[in-house]
Amino acid sequence: MGSLTGKVAVVTGASRGIGKGIAIALAEQGATVYVTGRTVAAGTYPLPGTVGETAAECDRRGGKGIAVQVDHANDEQVAALFEQVAREQGRLDILVNNAFALPEDLTEPKPFWEKPLSNWEMVDVGVRSNFVAAWHAARIMTPQKSGLIVAISGYVGVTYTYGVVFGTCKSAVDRMARDMAIELQPHGIASVSLWQGLTLTERAQRNLERNPDMKKLTVTNPLVGCSPEFPGRVIAALAADPAVMKRSGGTFITAEVAQDYGITDVDGKVIPSLRAQRGAPIWQPIAEAGNGR
C-alpha cells in the first residue's frame, strides 16, 4: 500500500507536462486520480499526450486513473467534473491546480505590446480557473474537515520571467493560495503554492531544441531542471504529512520542500533551490505569520 491509498485527487491540465507527472506520482502512492484536460485524441494537439494516456499510466503505476475531458475555461464542464467526483467517490483529498493556457509565443523575447492581447487567456486559465476549481473542491472538502489544495507557481512570482501577463498570473496564484488558506483553516484544509523551476516537459524540451541559447540562462538551464514527476513526489509527501496544516498559506520552493522530506527526482538527482539566484517567496505559512497574516 502506498502513502495515498484510499485518497482521491484531481489534477487539472494533466494530458501532458507537469500535470501528467503529478498525476502519475500521486497514483504511484495509491491514489485515485481524476485526470483533466482538453486532449482526448492523439494527434489533435501539437504536443503528445492525452487524458486517457495519463490515466492509463496512473493505472500502471499502481493507483487508479480516471480521465475526464475538461476545458477549464468552461465553468459548466468544471462543475460537472466535481459533481462526478462527489458522486463516484464521496470525497476529495487533493486538488492540484495546474491547468494553464500557455501561448506559443510565451518564451519569445518580445515586449507585451508586441504580443497579442489574447495572451490574457493565461489569466482565464491559470488564475480564474484555479479559483473556480478550488471553489468546487472546498465544497466537497469542508464537510469532511480535511484536504489539500496545491497551486503550481514559480519563481516568476517575484522575478521577471517570459513576460508581463505570466508574472501577473503567478503572483496572483501565490496570493490566492495564501488567502484561501486563511478561510480554509477552520475546516482543516491546507492551501499552499509551490514554486517550480525549469521542468523538462514536452514543451520545455521542444523549446530548448528550437532555441539552444535558452540553455545558457539560469531560468532555462537543463542542469537545474527536474522531471515532471518531481513536483508530484513532493505533493504526495505533503498530502501524506499529518502536520501539513503547519505549512498552509505558505509559498514554497518545491526543491526545498523535497529536501525537507528527503525526496529526489526519479533518477536520484537532488534538485537545487534557486532562491539565491531567482528570489524568495513572499508568503509564509499563516501559522507563522501572527496577527498580520
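The model is predicted: local features require pLDDT of at least 70, side-chain atom pairs count only at pLDDT 80 or more, and totals for chains, interfaces and linings use all residues. Residues are numbered from 1 along each chain as its sequence is written, and side-chain values use heavy atoms, without hydrogens and water.

**Nonpolar cores**

A nonpolar core is a set of buried Ala, Val, Leu, Ile, Met, Phe, Trp, Tyr and Cys residues joined through side-chain atoms within 4.5 Å; buried means under 20% relative accessible area, with a 1.4 Å probe and protein chains only. The largest such core has 41 residues, and Leu26, Val33, Val96 and Ile235 have the most contacts inside it. Its largest share, six residues, is supplied by helix α7 (residues 230-240). A second, separate core has 35 residues, including Val70, Leu106, Val132 and Ala137.

**Helix α7**

Helices are DSSP runs (H or I, at least four residues) and strands are runs of E (at least two), numbered from the N terminus. Eight of the 11 residues of α7 are buried, so this helix is largely enclosed by the rest of the structure. The buried residues of α7 pack against α1 (17-28), β4 (94-97), β5 (147-154), β6 (189-196) and α8 (254-261). One of the buried residues is Ile235. Apart from neighbours within four places in sequence, Ile235 is in contact (heavy atoms within 4.5 Å) with Ile22, Leu26, Ile94, Val96, Leu148, Val150, Ile152 and Leu194.

**Two helix pairs**

Axes are lines fitted to C-alpha atoms, for helices over the stretch in contact, and angles run from 0 to 180 degrees between N-to-C directions.

| Pair | Axis distance | Angle |
|---|---|---|
| α4 and α5 | within 9 Å | roughly 15° |
| α7 and α8 | 10 Å | about 55° |

Angles under 35 degrees count as roughly parallel, over 145 as roughly antiparallel, 65 to 115 as roughly perpendicular and the rest as oblique. Helices α4 and α5 are therefore roughly parallel to each other, whereas α7 and α8 are oblique. Residues of α7, among them Phe230 and Leu238, meet residues of α8 that include Thr254 and Tyr261. This contact of α7 with α8 comprises nine nonpolar, one polar and no charged residues. Here Ala, Val, Leu, Ile, Met, Phe, Trp, Tyr, Cys and Pro count as nonpolar, Asp, Glu, Lys and Arg as charged, and the others, Gly among them, as polar.

**Strand β7**

Thr251 belongs to strand β7 (residues 251-253). At 5% relative accessibility, Thr251 counts as buried. Residues up to four places away in sequence aside, Thr251 touches Asp174, Ser193, Trp195, Pro281 and Trp283.

How values were computed: Buried < 20%, exposed > 50% of the residue type's maximum accessible area, 1.4 Å probe, protein only.
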